[in-house]
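These are notes on the model for a colleague who will read them beside the coordinates.

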Amino acid sequence: MRERNYFAAMMVNEGDADALISGYSRNYPTVVKPMLELIGMANGVSKVATTNLMMTKRGPLFLSDTSINIDPDAKSLAKITQMTSNVIKMFGLKPVLAMVSYSNFGSTRTKDSQKMAKAAAILKEENPNLVVDGEIQGDFALDAEKMQRIFPFSPLAEESANTLIFPNLNAGNMAYKLIQEIAEVDSIGPVLVGMKKPVHILQLGCTVREIINMVTLSVVDAQIKR
């Protein structure tokens, strides 16, 4: 209990704090461990995940999973997508989700592309009102006009995706860091989803603005969970 992250987690558990922000000076796995050990996952959740909100010129763009799951299977991806959609609703936005890959609807049949297609199928069956499709390449997912011309059967032809779900941690983490650096966009996150209580972990060496954004998000998260 002398270690600050364990002490902070117990403060949240005991009701002495409403939310927890950590991670500025330590690597991500080191900070996640005590949170999972002491606070734990929400009921019905088998894996936690993270999503990043990128404030781009074209509007908010959510990216998942960017920090936790190295190579999730189709069922895990479906769960990550569902949890991400709940975060999007917390921001008052409608989730429009694309399961991204290097393949479009079976054009290349590999383990990763078929995994994304299977995850999309699971989501459609379990959540018929959710706007989701895949597997699909990122440029198509973000361009409804292009979708209408080439893949008019997809729900993403009606409105461009505001959420990209990646097949593995390698793709998700690189994507959000590259977008953040090249496009110089504000990023809120990684937002830790699936936890029992409001716990959010910063990236090592993040900016003051990113800390303020995460604190603001944690306040809303605490209000919703309460």
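1. The 17 residues of α3 should span 24 Å at 1.5 Å a residue, and the end C-alpha atoms are 25 Å apart, which agrees; the expected span is 1.5 Å times one less than the number of residues. Helices (H or I, at least four residues) and strands (E, at least two) are DSSP runs numbered from the N terminus.

2. This is a predicted model, in which local features need pLDDT of at least 70 and side-chain atom pairs count only at pLDDT 80 or more, while totals for chains, interfaces and linings use all residues. Residues are numbered from 1 along each chain as its sequence is written, and side-chain values use heavy atoms, with hydrogens and water left out.

3. Of the 17 residues of α3, 12 are buried, where buried means under 20% relative accessible area with a 1.4 Å probe and protein chains only. The buried residues, including I80 and T84, pack against β2, β3, β4, α4, β6 and β7.

4. S64 lies in strand β3 (residues 59–64) and is buried, with a relative accessible area of 0%. Beyond its neighbours within four places in sequence, S64 is in contact (heavy atoms within 4.5 Å) with residues including T51, I80 and T84.

5. The lining of the largest pocket comprises 18 residues, of which M83, N86, V87, G194 and K225 lie nearest its centre; α3 gives the most, with 5 residues. Lining residues have an atom within 4 Å of a point on a 1 Å grid, and a pocket is an open set of points where a 1.4 Å probe fits, with protein on both sides within 12 Å along at least five of seven lines.

How values were computed: Buried < 20%, exposed > 50% of the residue type's maximum accessible area, 1.4 Å probe, protein only.
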